[in-house]
Structures are given as C-alpha cells and as structure tokens.
Amino acid sequence: MSPPTCEDDKEFGVQFTLFSSADLIDNKKQRVFFAHAALTTEKRFYHAERYARSDMGHAGVKSPGNGQDWLAFIDHWRFNGTGRAPLPGKIEVNEPTFSYSLNLSQSDYFLQGDQGFSRKNNQGDLASYYYSAPFIQVSGNVTFEGKQVSVTGTAWLDREWSSNFFEVDEIGWDWLALHLDKNTALTLYRMRSNGEELLYGRLMHRSGKQTNIDPAEISWEPRTTRKFGEQDYPITWHLEIPSQNISLDIQPINDNQFLNTRIPYWEGAVTASGSHSAKGYLELFGKRREK
C-alpha cells in the first residue's frame with residue numbers, strides 16, 4: 001500500500017492488498033487468495049480484483065530457496081522481495097486500464113498494539129498480529145490512459161493476520177496512515193463491533209522510538225460524506241491530538257476512491273494540512289454507528 005506519489009506536483013495514490021484464508025476443499029486444507037489493486041489520480045480512480053487458489057499454482061507466498069527470493073503473487077500481480085524479506089522489493093500490477101511498477105526501499109519494522117498483538121475490541125477476543133513498515137521510499141512508474149508517468153514518493157507496508165475469522169457483516173472500521181513528515185508516521189484506527197468502539201493511535205519515529213497515544217487524547221471527527229452504493233462514507237475529517245501538537249484537516253486527492261468489489265469499501269490517498277503537511281491513506285469499511 002503506497003500513499004501518494006508525485007511528479008510535477010501531480011498527486012497519485014497506489015494500493016496493493018493481498019488477502020488469504022484457509023478453506024477445506026475436497027477435504028483438504030487449501031489457501032485461497034484474493035487481491036485488490038488500485039491507482040488514483042486527481043481525476044480518475046482505477047481498481048481491479050482477483051481471486052485464486054494456491055493448490056492450482058495461481059497464487060501464493062513463496063519462501064526463499066534454490067536461488068529464489070521472497071515472492072507474493074496472484075496471477076500476474078507480483079510482489080518480489082529480496083532474500084527472506086519483502087523489503088527492499090518491487091510490486092508489479094498490469095491491468096487493461098492501468099498498471100504500475102514500483103521499487104520499494106528498505107524500512108524498519110514496527111510492532112503495533114502490545115508487542116504486535118493488536119486488539120480490535122476491548123475484550124481482546126477480536127484481534128490480529130500486526131506490524132508496519134512506514135518509511136519506504138518509492139520509485140518507478142504508473143500507466144493510465146495510454147501514458148506512462150515516472151513517480152517518486154513514500155510508501156507504507158502493513159501485515160496483519162487475525163486470531164479468528166472476522167464476520168464482515170458485524171464489524172466496521174476507520175483506518176488512517178499518515179506520514180506527518182519524513183521522520184514521523186501516525187497510525188489511527190477506530191473499530192466498531194458488538195455495540196462498542198475501540199480507538200487506537202501510535203506514532204512511529206524513524207529513530208525507532210514509538211509513542212502510544214491515549215484514546216482520550218484523540219479527537220477524530222468526520223466533516224463531509226459522499227454516498228457510494230447504499231452507504232455514506234465520511235471522506236473528509238478533522239483530527240486533533242493536543243498532546244502531540246497535531247491539528248489536521250484531512251481530505252482525499254480524489255473523492256471517488258470507492259472499491260466496488262465483492263466486499264465494497266472506500267480506500268484512498270489523502271493529504272492533510274494544518275500542524276503538518278501530511279500524506280497518507282484512509283480506509284473506511286462497514287456500517288456507521290448511529291449517533
């Protein structure tokens with residue numbers, strides 16, 4: 001997942017998300033993969049979705065060996081790493097209406113939650129193991145409308161695997177990743193499930209320092225919404241964290257970054273102004289809580 005990249009002051013956003021689950025197929029445990037890829041420009045939004053089974057050789061994650069480096073793939077979408085790790089690496093997606101080829105630099109990894117255990121409700125029975133690599137430098141190109149554009153910028157890699165199956169009809173979340181500056185990154189998420197909300201915030205510093213943010217210190221409120229399908233999505237926000245001297249107005253580079261996929265959601269590139277000149281990604285999923 002890559003926050004906005006730019007050339008000649010143009011803003012772009014790139015998303016690459018790979019999911020997997022284990023299902024019983026013919027009484028054998030098989031991994032099923034699906035993936036989303038997206039490209040945002042200031043005027044257009046392109047996205048695609050793919051499904052594949054690992055037993056048929058169309059998707060998987062390959063460990064290094066026999067001279068091969070780390071690889072995650074689904075059909076011809078590929079995320080090649082170096083040695084045993086995904087970073088530094090390269091992501092390549094090629095679809096009829098858009099494509100991108102991006103080189104990703106090394107980045108330190110940061111554990112989220114409690115030493116990597118990330119609660120998604122107050123009881124902790126809904127949770128994931130979660131780490132981030134927020135300080136990736138990007139170079140490469142994006143292609144759309146028959147033209148190729150060279151880009152540079154910053155990217156953010158997240159990896160999560162859940163402790164149990166998430167019933168997507170029963171939960172919802174707002175998730176935000178921001179590069180506040182070249183040395184500071186912010187993760188926020190608000191989870192909604194079983195009549196409760198859980199708010200989480202953490203600052204990550206290039207030096208390796210991490211700062212947990214008390215939810216009571218966070219005011220993160222929507223300002224305007226857009227309707228996609230049957231649901232309203234809050235696409236602009238105001239964020240206040242006084243203890244960290246953060247006061248930001250957050251807006252998308254393109255209002256329409258709605259992925260009309262099998263499980264629909266809004267995810268896209270955003271910028272923020274105020275205490276910082278920030279860039280990042282916002283994800284909005286699930287039903288909103290009634291106020």
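Student: Is Gln 115 buried or exposed?
Tutor: This is a predicted model, in which local features need pLDDT of at least 70, side-chain atom pairs count only at pLDDT 80 or more, and totals for chains, interfaces and linings use all residues. Residues are numbered from 1 along each chain as its sequence is written, and side-chain values use heavy atoms, with hydrogens and water left out. Buried means under 20% relative accessible area, exposed over 50%, and partly exposed in between, with a 1.4 Å probe and protein chains only. Because the relative accessibility of Gln 115 is 66%, Gln 115 counts as exposed.

Student: Where does Gln 115 lie, and what is its phi?
Tutor: Strands here are DSSP runs of at least two residues (E), helices are runs of at least four (H or I), and both are numbered from the N terminus. Gln 115 is placed in the loop between strand E10 (110-111) and strand E11 (117-119). Its phi is positive although the residue is other than glycine, with a value near 55°.

Student: Which loop holds Asn 194, and what is its relative accessible area?
Tutor: The loop that holds Asn 194 runs between E15 and strand E16 (196-205), and phi of this non-glycine residue is also positive, near 50°. Asn 194 counts as exposed, because its relative accessible area is 67%.

Student: Why does Thr 187 count as buried, and which side chain makes a polar contact with it?
Tutor: Thr 187 belongs to strand E15 (residues 184-193), and it counts as buried because its relative accessible area is 0%. Contact means heavy atoms within 4.5 Å, and, leaving out residues up to four places away in sequence, Thr 187 touches several residues, including Tyr 130, Trp 156 and Trp 175. A polar contact is a pair of N or O atoms within 3.5 Å; within protein, one must be able to donate a hydrogen and the other to accept it, and residues adjacent in sequence count only if both atoms are side-chain atoms. At 3.5 Å, the side chain that joins Thr 187 in this way is that of Gln 112.

Student: Which strand holds Pro 88, and what is the omega of the peptide bond from Leu 87?
Tutor: Pro 88 is placed in strand E8 (residues 85-94). The bond that leads from Leu 87 to Pro 88 is cis, with omega near -10°.

Student: How many strands does the chain have?
Tutor: Of the 291 residues in the chain, 51% are buried. The chain contains zero helices, and its number of strands is 23.
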